[in-house]
Structures are given as structure tokens and as C-alpha cells.
Amino acid sequence: MLQSDLVTLARVLRDDIAPRNSSAATVISDRPHARLLRYGSDQQVRDARAAGAVPVLLVPPLAVPARCYDLAPGVEPGNSVVEFLLSTGTVVYVIDFGDVTRAERHLGFEDYFDSFVPRAIGDAVADFASGGDAVDLMAWSLGGTLCLLTAAHDKNLPIRSIITVGTPLNYMRVPPYPLVRSLLAPTGGRPATYVLRALAGIPAPLVRAVYRGFAWERELKKPWYIVKNLGDPEALARMQVIDRFQRSLPGYPGRVAEQMLVNFIVRDEISRGHLDFDGIAVDLTSITAPIFMVGSHRDAIAPHAAVRHGEELFTESAHVEFHTVETSHLGMLTGSEAAAHTWPAIEAFRARLDAERL
């Protein structure tokens, strides 16, 4: 092994190959559990306003930090959704739900779709103040669920469209949930809900372990990948970006975890589109806004069939479009495959919506 390779290996072990930069952002509002950031220079904002562009509000999944949309700007290829959207002349807003600790165990889905996300939408529209007075909601994984629940719960919100990436809409098509349902349905989810309450949710270490478990092949091959790419710092930087992301995953709030188990799996409500969160009814089939979905046959977390179920579900939507990108769960959102396939498809979808306004 060359001395330069040893130096590179040492940098890998110190985790200092990939830069730790992030896109510049302005805090628009700082509500509890709903900090709203705006990305883009003042000139970019002025240009977008003048053009009457529709801004994008990025909604992160639960148990995932908001920086999932801005993992490593400047690290090629395609590690920042924020950077991509800015390059299209779009002003970008991101809602940051903050860390999840035992203190947040009371938070349920209704807190997000009835309070946090709607307020962020209102703040974004008020800040941007364009002629369109609406936003495109865009989200990855469970963030897409929050967007859909929000749009269904309040039809009067200024939402032009909803874009979801890797968002499962039928948990009976996600192994091993059918087995979990068959075991827990007779008791309505108990005693699993008791365990979740005792833990105040799903702790961050467990979330991180499960996420790595879905990518077990990558974890197994990582030592060989490092040795093979000692002469390719860019490849190692991309690896570190993903590793840092995995280490930053927070946990699920207790009430959210219970609702995911009971509403999504045991009762199988989401696949039918009619959900009941302790008296708060949400009808996903009533969404009228255009919906764009991205799924993958290689996604172990949100299988292709579970995501594509939206084509059957959103019967009242003005337009439903599904796009397949064959890569991993995270790879659909960020990385080379996302840059080559997901992002251009989203840009084309939004351009068609723009054309319809003219």
C-alpha cells in the first residue's frame, strides 16, 4: 500500500474527506418543532418572484433530519436536493422538525398535518409573496405521508402539487408488515403499543440500526469498498456523506410510532385512504392537487408496489403520475441516480404545471 493510500485511509477513519458545508439559509420562522428555512440568495429570490415562480417546500420524514435535502452541496454527483432546485430558479423552503427526545413522546401525526406543516406553508407563501400564492410540497419517504395527510386534511391550503419520493402507501406490500398485522390484529396492536409507550417511541439507536439493516449489503462490503477506492477521494467522500446521514437519524415520537403501527399496519387504513387519528378523520382519496410519485424495485424500505399504490388511491387528483428510478431508498432522493433520473423527472413535472398556468 502506498503512503498516499495510508494517508487517505487515515482520513477515512477520521471522517474528514467529505466537506461539512451546507447551503446558505435564512430563518423565516422558528416555531417549536417547525423551524422554517429559506434557501437562495436575495437575488435568486427576487428573480423567482419576478418570474412568478412557484416555490418548493421540502418536508422531511419523521426520524430523519431536515438536512437530508442538503447532504453535501458541491460534492458530485447530486448530493443536495436544495442545490438542484436552486439551479432551476426555484426558491426552496425546508421545515425542520428538530430533534426527537422523550419530551416529544406526545407528538402524533395530527400535530404535523394539522399544525406544523400547514403553518410552514402559510409562512412560506407569506414570505415569498408571489403572484401564484401557492407552494409545491416535495418530500422523501414518510415526509410524503405528512404532505398527503396535510393536503387531505385541509383542502383550502395553498398547495399547487405534491411530489413524493419513496413514500409507501400500502404497508401490506412491505415485508414483514403483513405478518406483523396477522399477529397483532386480534389485540388491536397490543402489547406492542405498550412497549412503544414504555420506550417513549422508537429510540434513535434502534432507528439507525434498522436503517443500516436494510442496507446490509452495503455495510458488509464497506471495508472492501474503502480499500478499492483509496485512489478515488470523491467516491470515499460520497460514502462518508451517507455514513454521516445514517449516524444523524433521530428517533420516532412515541405517539407517532403507535399510530404507524395501529393505523398504517394493524388497521391497514392508509392503503384504503381513510384514516382516523383518535377522531380526526383524513380522506386521502379526496386530494385534488396533482401528485407526482417516485418508486423503485430496488427499494427495500418502500417497495415499488407499496409506492405505486397511489395510482389506485388518489382518484380525485387532477393528475397522478408515477415514475420509476431503479436505485436504493436514499438513492432516489440524492446521488448519481437521483441527479440523472429523479430530479429531471420532477423538473419536467413542475414545468408542465407552469405551462398550464400560462
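A residue counts as buried when its relative accessible area is under 20%. In this predicted model, helix H15 (residues 336–357) has such residues in Ala338, Thr342, Trp343, Ala345, Ile346, Phe349, Arg350 and Leu353. An α-helix has 3.6 residues a turn, so residues three or four places apart point the same way. The buried residues of H15 pack against several elements. Five are strands: E3 (56–59), E5 (135–140), E6 (159–165), E11 (291–295) and E12 (320–324). Helix H3 (81–87) is a further partner.

The length of H15 was also examined. At 1.5 Å a residue, its 22 residues should span 32 Å. Thr342 itself is among the buried residues of the helix.

The strands E3, E5, E6, E11 and E12 that H15 packs against belong to an open sheet of eight strands. The order is E1-E2-E4-E3-E5-E6-E11-E12, and the pairing is mixed. Strand E1 (25–31) and E12 form the edges, each pairing on one side only. On average, neighbouring strands are turned by 20 degrees against each other, direction ignored. Within the sheet, E3 and E5 run parallel and are joined by four bridges. Val59 stands opposite Ala139 of E5. Helix H5 packs on the sheet as well, touching E3, E5, E6 and E11. The direction of H5 makes about 145 degrees with that of E5.

H5 (residues 142–153) also packs against helix H4 (residues 109–128). The angle between the two is about 80 degrees, and their axes are 9 Å apart. H4 is therefore roughly perpendicular to H5. On the H4 side, the contact is made by Phe109, Tyr112, Phe113, Asp114, Val117, Pro118 and Ile121. H5 contributes Leu142, Leu146, Leu149, Thr150 and His153.

Strand E9 (residues 274–277) and strand E10 (residues 280–283) run antiparallel, joined by four bridges. E9 has two faces: Leu275 and Phe277 lie on the covered one, His274 and Asp276 on the uncovered one. Leu275, on the covered face, has Val282 of E10 as its bridge partner. Two residues lie between the strands of the hairpin. Asp278 takes a positive phi there, near 50 degrees.

Definitions and conventions: Residues are numbered from 1 along each chain as its sequence is written. This is a predicted model: local features need pLDDT of at least 70, side-chain atom pairs count only at pLDDT 80 or more; totals for chains, interfaces and linings use all residues. Side-chain values use heavy atoms; hydrogens and water are left out. The expected span of a helix is 1.5 Å times one less than its number of residues. Buried means under 20% relative accessible area, exposed over 50%, partly exposed in between (1.4 Å probe, protein chains only). Contact means heavy atoms within 4.5 Å. Two strands pair if DSSP finds at least two bridges between them. Axes are lines fitted to C-alpha atoms, for helices over the stretch in contact, and angles run from 0 to 180 degrees between N-to-C directions. Angles under 35 degrees count as roughly parallel, over 145 as roughly antiparallel, 65 to 115 as roughly perpendicular and the rest as oblique.
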